[in-house]
Amino acid sequence: MKSTPKKNYNRTAKTTPHNNRRKMPPKSTMTDISPKNEVKDMFMKWFQKHNIVGQIMSKQDIVQNILTKINAKQEDALASAINELKQDGLIEVKEDGLTLSLTQKGVDSTIS
């Protein structure tokens, strides 16, 4: 009677890659500030074309001149860019939260 060799089931376990490892979270890195600066520049270039104290940038202007021209990273940085321009005193955000207004400091910064 012929004996059939036993299959070695352990061998297949050793040759397959181990994919059940827990992935480590990414190391904390500094956030990329260039998309935010690019968005800020887009706002200031629009205001530079309309260089009057109190100039209003409406929701429609924001959509037409900013939102349609930015990528995903810039879109993520949009709110922080607006907040930074506001904190720097270059723009004011009106009560509706969507209308921006150029300040005197903003006019002065677009001249230089």
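Is Lys36 buried or exposed? Lys36 counts as buried, at 17% relative accessibility. The legends below describe a predicted model.

View 1. The side chains of Glu84 and Lys36 form a salt bridge, 2.7 Å from N to O. Lys40 is buried, at 12% relative accessible area. Shared partners join Lys36, Lys40 and Glu84 into one network. Glu84 is partly exposed, at 23%.

**View 2. Three strands form an open sheet.** The order is β1-β3-β2, and the pairing is antiparallel. β1 (56-57) and β2 (91-93) stand at the edges with a single partner strand each, so one side of each has no neighbour in the sheet. Three bridges join β2 to β3 (residues 100-102). Glu92 stands opposite Ser101 in β3. Helix α2 (residues 34-49) packs on the sheet and touches β1, β2 and β3. The direction of α2 makes about 60 degrees with that of β3.

**View 3. The largest nonpolar core holds 18 residues.** Phe43, Phe47, Met57, Ile66 and Leu100 touch the most other members. Elements giving two or more residues are α2, α5 (78-87) and β3. Helix α2 gives the most, with five.

**View 4. Contacts of Leu100 beyond four places in sequence.** Its partners include Phe43, Phe47, Met57, Ile82 and Ile91. Gln55 and Glu92 are also among them.

How values were computed
Residues numbered from 1 in each chain as written. Predicted model: local features only at pLDDT ≥ 70, side-chain atom pairs only at ≥ 80, totals over all residues. Heavy atoms only, no water. Pairing = 2+ DSSP bridges. Helix = DSSP H or I, 4+ residues; strand = E, 2+ residues; numbered from the N terminus. Contact = heavy atoms within 4.5 Å. Axes fitted to C-alpha atoms, helices over the stretch in contact; angles between N-to-C directions. Core = buried A, V, L, I, M, F, W, Y, C linked by side-chain atoms within 4.5 Å. Buried < 20%, exposed > 50% of the residue type's maximum accessible area, 1.4 Å probe, protein only. Salt bridge = Lys/Arg side-chain N within 4 Å of Asp/Glu carboxyl O.
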